[in-house]
Amino acid sequence: MARKVIITCAVTGAIHTPSMSPALPVTPQEIADAAIEAAEAGAAIVHLHARNPETGQPDQSPEAFAPFLKIIKQRSNAVINLTTGGSPTMTVDERVRPAAVYKPEVASLNMGSMNFGFFGMLNRFKTFKHEWERKHVENKDIVFRNTFQDIEFVLKTLSQTGTRFEFECYDTAHLYNLDYFLQQGLVKPPLFVQTVFGLQGGIGPHPEDVLHMKRTAERLFSDKFIWSVLGAGRHQLPIAAMAAAMGGNIRVGLEDSLWAAPGRMASSNAEQVRLARKIIEGLGLEVASSDEAREMLHLKGGDTLQV
């Protein structure tokens, strides 16, 4: 049988702003529709953030998540993954609240503090509709705090609910941080390791960087992890293709990149999922269904979402 590849779609995130792309989902209905369309296109997992429906500003209040979670649960079998990253300027207490309330199958968890920069996007995007957008993008003073104390707080808060984790690793040290928590018994295999490439402040997008992160994870975790990649911006699909050929899984979505091809913006999250699917099937592999992803990641089941 052909190897199964999990596609995760991160549909809106907290980095890009509404002025950058008309395709970016903002309202609860837009976020729900985008997630459902991505699942229909082949995404086994949908990774979700919430936004203020008027301004598009990131909103990590549990109340902001409820409207689209209800729709997605009713209309899709997709694995729901809620962010605990929120936005880099939020406290860990704010960031963990939606996952603590709704108890999803998966929650993301950033595995280390880091400088975090979006300001390079000002080279392309000059005009913004909302006052918050420019301030958000041009900020060069962001330290995304994820201390050992913060990480332990999220793990202890959510592990008791049966939620498992998408461990987001933006650099080599983050893999070592994850190994520490594995050795302490606070995380359990299989570890869903999402290695992130090309974000300002993290490891770069060079093929050697991808190989380095994979080799490090293999050395630390052996057969105890499932590897996935996230390429930021224009690096999304090249890194996806590389990882799929090397035994990995793929994350796409407008949270990570607004693009479908050089110089052409994606029309939707579903378009990016379809492009990822072409890569996977072109390599003679198969796209994993949501239930197959649940089995691979040892998840508790979609019926456990508390919404």
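The crossing of helices α1 and α9 is right-handed. In this predicted model, α1 spans residues 28–41 and α9 spans residues 269–282. Their axes lie 8 Å apart and meet at an angle of about 20 degrees. Angles under 35 degrees count as roughly parallel, so α1 and α9 are roughly parallel to each other. On the α1 side, the contact is made by Ala-34, Glu-37, Ala-38 and Ala-41. Helix α9 contributes Asn-269, Ala-270, Val-273, Arg-274 and Arg-277. By class, the residues of this contact comprise 5 nonpolar, 1 polar and 3 charged.

A further helix pair is formed by α6 (residues 172–183) and α7 (residues 207–221). The axes of α6 and α7 come within 10 Å and cross at roughly 15 degrees. This pair is therefore also classed as roughly parallel. The crossing of α6 and α7 is right-handed. From α6, the contact involves Thr-172, Leu-175, Tyr-176, Leu-178, Asp-179 and Leu-182. These residues meet His-212, Met-213, Thr-216, Ala-217, Arg-219, Leu-220 and Phe-221 of α7. The contact of α6 with α7 divides into 8 nonpolar, 3 polar and 2 charged residues.

Salt bridges were examined next. Side chains of opposite charge can pair when their charged atoms come close. The structure holds 15 salt bridges. One of them links Glu-152 to Lys-156, with the closest N and O atoms 2.9 Å apart. Both residues lie in helix α5 (residues 148–159). Glu-152 and Lys-156 are 4 residues apart, about one turn of the helix. Glu-152 has a relative accessibility of 28% and counts as partly exposed. Lys-156 is also partly exposed, at 49%.

Glu-218 is partly exposed, with 36% relative accessibility. Buried means under 20% relative accessible area, so Lys-214 counts as buried at 15%.

A salt bridge also joins the side chains of Arg-264 and Glu-271, at an N to O distance of 2.8 Å. Arg-264 is partly exposed, at 39% relative accessibility. Glu-271 is buried, at 13%. Elsewhere, salt bridges with shared partners form a network. This network joins Glu-166, Glu-168, Arg-251, Glu-255 and Asp-256.

Attention then turned to Phe-128. This residue sits in the loop between β6 (114–115) and α4 (131–138). Phe-128 has a relative accessibility of 16% and is therefore counted as buried. Neighbours within four places in sequence were set aside in listing its contacts. Phe-128 then touches Thr-17, Ser-19, Met-20, Leu-122, Glu-133, Arg-134 and Val-137. Ile-45 was considered for its separation from Phe-128. The two residues are 83 residues apart along the chain. Their C-alpha atoms are separated by 31 Å.

Several features of the backbone were also noted. The peptide bond from Pro-189 to Pro-190 is cis. Its omega is near -5 degrees. Pro-190 is found in the loop between α6 and β9 (191–197).

Positive phi values occur at Lys-103 and His-298. For Lys-103, phi is about 55 degrees, although the residue is not a glycine. Lys-103 is placed in the loop between α3 (92–102) and β5 (106–110). Its relative accessibility is 29%, so Lys-103 counts as partly exposed. For His-298, likewise a residue other than glycine, phi is near 60 degrees. His-298 lies in the segment after α10 (290–297). At 53% relative accessibility, His-298 counts as exposed, since the exposed class begins over 50%.

Terms used
Residues numbered from 1 in each chain as written. Predicted model: local features only at pLDDT ≥ 70, side-chain atom pairs only at ≥ 80, totals over all residues. Heavy atoms only, no water. Axes fitted to C-alpha atoms, helices over the stretch in contact; angles between N-to-C directions. Helix = DSSP H or I, 4+ residues; strand = E, 2+ residues; numbered from the N terminus. Parallel < 35°, antiparallel > 145°, perpendicular 65-115°, else oblique. Left-handed = near helix turned anticlockwise from the far one by under 90°. Contact = heavy atoms within 4.5 Å. Nonpolar A, V, L, I, M, F, W, Y, C, P; charged D, E, K, R; others polar. Salt bridge = Lys/Arg side-chain N within 4 Å of Asp/Glu carboxyl O. Buried < 20%, exposed > 50% of the residue type's maximum accessible area, 1.4 Å probe, protein only.
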